[in-house]
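The following note sets out points for a colleague who is about to examine a structure. Please read the numbered paragraphs alongside the sequence and the coordinates.

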Amino acid sequence: MSSTELPGTRTAAEPSEPRTTRAVRVADGEELRSVSLPGLTLTVRARPGSVAGLPPALYVHGLGGSSQNWSALMPMLADLVDGEAVDLPGFGVSPPPDDGDYSVTGHARAVIRLLDSAGRGPVHLFGNSLGGAVATRVAAVRPDLVRTLTLVSPALPDLRAQRTAWPTALLAVPGVASFFARLTKDWTAEQRVRGVLALCYGDPGRITDEGLRHAVEEMERRLALPYFWDAMARSSRGIVDAYTLGGQHGLWRQAERVLAPTLLVYGARDQLVSFRTARKAAAAFHGSRLLTLPEAGHVAMMEYPETVAQAARDLIVDHGGS
């Protein structure tokens, strides 16, 4: 989703190609850097810990989102972890991957390569929506990289998806994204943002005027990117493919293999990930903690960052955060 931004932001030039005529916002206390890997360039939004030597954390956003989706939560944990949020390939300021792989496995591979290149593991790993599926796969296949796992509305397979989630799933159908782009070519960025907020927030009224303005500016920036719709369509297809994958590579099976202490966060007003999957997830992730928020939607870390931060803090402290 298109993210809101914190008040009192500064503007930084985009650190990686392709450059656009607009700049991306960086909250006070954050830093952007570009990480170049073979066939892949990732933008990382860092929120350094308040003191040196804190354990590392990595935050992974959802479909259509960016590292900005974590800007409300990261400062609330800066006394506990040294935080970094990644723009997945094709999202935020990260350009598309050279191989065009937007599958959940492809995104997970990008996260693993980032962690391996920096030598930051094991990290306290956070994921929302698509990022939750990605984080689940990372934790299952590379347990050495994950100290604790916090998942906010993770996109785990649900073959009885809510009707409100169908339009997002339809983006996976070849030709639908380009058709939708043509159909909505006259929509303003504000119209698009308000639609996204209505879908992702339990109460869109919680968005401040300043937050809405920043989200509109970010939407305008993204719409100017030539690969915007392709990244959305291919990543949507990656989620659908992951939902139909069975056996040991299925996401539910991998959830059962996760060894890291896990916190699950679900919003009762979530229109994209069904609230009914919360209990199934709690059973799949052995020994996990479950936080349910009656008024929250799909992005609880943006709507209720204080509550999510406290639950994450308890998990980290209880499992040797420092």
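Is Asp79 buried, partly exposed or exposed, and what is its relative accessible area? Asp79 is partly exposed, and its relative accessible area is 41%. The coordinates under review are those of a predicted model, and the points below should be read accordingly.

1. The salt bridge of Asp79. The side chain of Asp79 meets that of Arg313 in a salt bridge, with an N to O distance of 2.8 Å. Asp79 belongs to the loop between β5 and β6, whereas Arg313 lies in helix α11 (residues 305-318), so the pair ties together parts that are 234 residues apart in sequence. In total, the structure holds 17 salt bridges.

2. A buried pair. A further salt bridge brings together the side chains of Glu84 and Arg120, at 3.3 Å from N to O. This pair also links distant parts of the chain, as Glu84 is in strand β6 and Arg120 in the loop between α1 and β7, 36 residues apart. Are the two partners buried or exposed? Both Glu84 and Arg120 are buried.

3. A pair at partly exposed positions. Asp144 and Arg142 meet through their side chains in a salt bridge of 2.9 Å, N to O. Asp144 has a relative accessible area of 44% and is partly exposed. Arg142, at 22% relative accessibility, counts as partly exposed as well.

4. Eight strands make up an open sheet with mixed pairing, in the order β3-β4-β6-β5-β7-β8-β9-β10. Its edge strands, β3 (31-37) and β10 (289-293), each pair on one side only. On average, neighbouring strands of this sheet are turned by 20 degrees against each other, with direction ignored.

5. Strand β5. Why can strand β5 be described as largely enclosed by the rest of the structure? Five of the five residues of β5 (residues 56-60) are buried, so the strand is largely enclosed. The burial extends to both faces: Pro56, Leu58 and Val60 are buried on one side, and Ala57 and Tyr59 on the other.

6. The neighbours of β5. Strand β5 pairs with β6 (residues 82-87) in the parallel sense, over five bridges. In this pairing, Tyr59 stands opposite Ala85 of β6. Strand β5 also runs parallel to β7 (residues 123-128), to which four bridges join it. The bridge partner of Val60 in β7 is Gly127.

7. From β7 to β8. Strands β7 and β8 (residues 146-152) form a parallel pairing over six bridges. Within this pairing, His124 has Thr148 of β8 as its bridge partner. Helix α2 lies across β5, β7 and β8, and runs at about 145 degrees to β7. Helix α9 (residues 277-284) packs on the sheet too, where it touches β9 (262-267) and β10, and its direction makes about 175 degrees with that of β9.

8. The packing of α1 and α2. At what angle do helices α1 and α2 pack, and how far apart are their axes? Helix α1 (residues 104-118) packs against helix α2 (residues 130-141) at an angle of about 65 degrees, and the axes are 9 Å apart. The crossing of α1 past α2 is right-handed. On the side of α1, the contact is made by Val104, Thr105, His107, Ala108, Val111 and Ile112, and on the side of α2 by Leu130, Ala133, Val134, Arg137, Val138 and Val141. Sorted by class, this contact has nine nonpolar, two polar and one charged residues.

9. Gly132. This residue has its place in helix α2. Gly132 is buried, with a relative accessible area of 0%. Which residues does Gly132 touch, if those up to four places away in sequence are not counted? They are Gly127, Leu151 and Pro154. Gly132 and Pro154 are 22 residues apart in sequence, yet the C-alpha to C-alpha distance between them is 4.1 Å.

How values were computed:
Residues numbered from 1 in each chain as written. Predicted model: local features only at pLDDT ≥ 70, side-chain atom pairs only at ≥ 80, totals over all residues. Heavy atoms only, no water. Buried < 20%, exposed > 50% of the residue type's maximum accessible area, 1.4 Å probe, protein only. Helix = DSSP H or I, 4+ residues; strand = E, 2+ residues; numbered from the N terminus. Pairing = 2+ DSSP bridges. Axes fitted to C-alpha atoms, helices over the stretch in contact; angles between N-to-C directions. Left-handed = near helix turned anticlockwise from the far one by under 90°. Contact = heavy atoms within 4.5 Å. Nonpolar A, V, L, I, M, F, W, Y, C, P; charged D, E, K, R; others polar. Salt bridge = Lys/Arg side-chain N within 4 Å of Asp/Glu carboxyl O.
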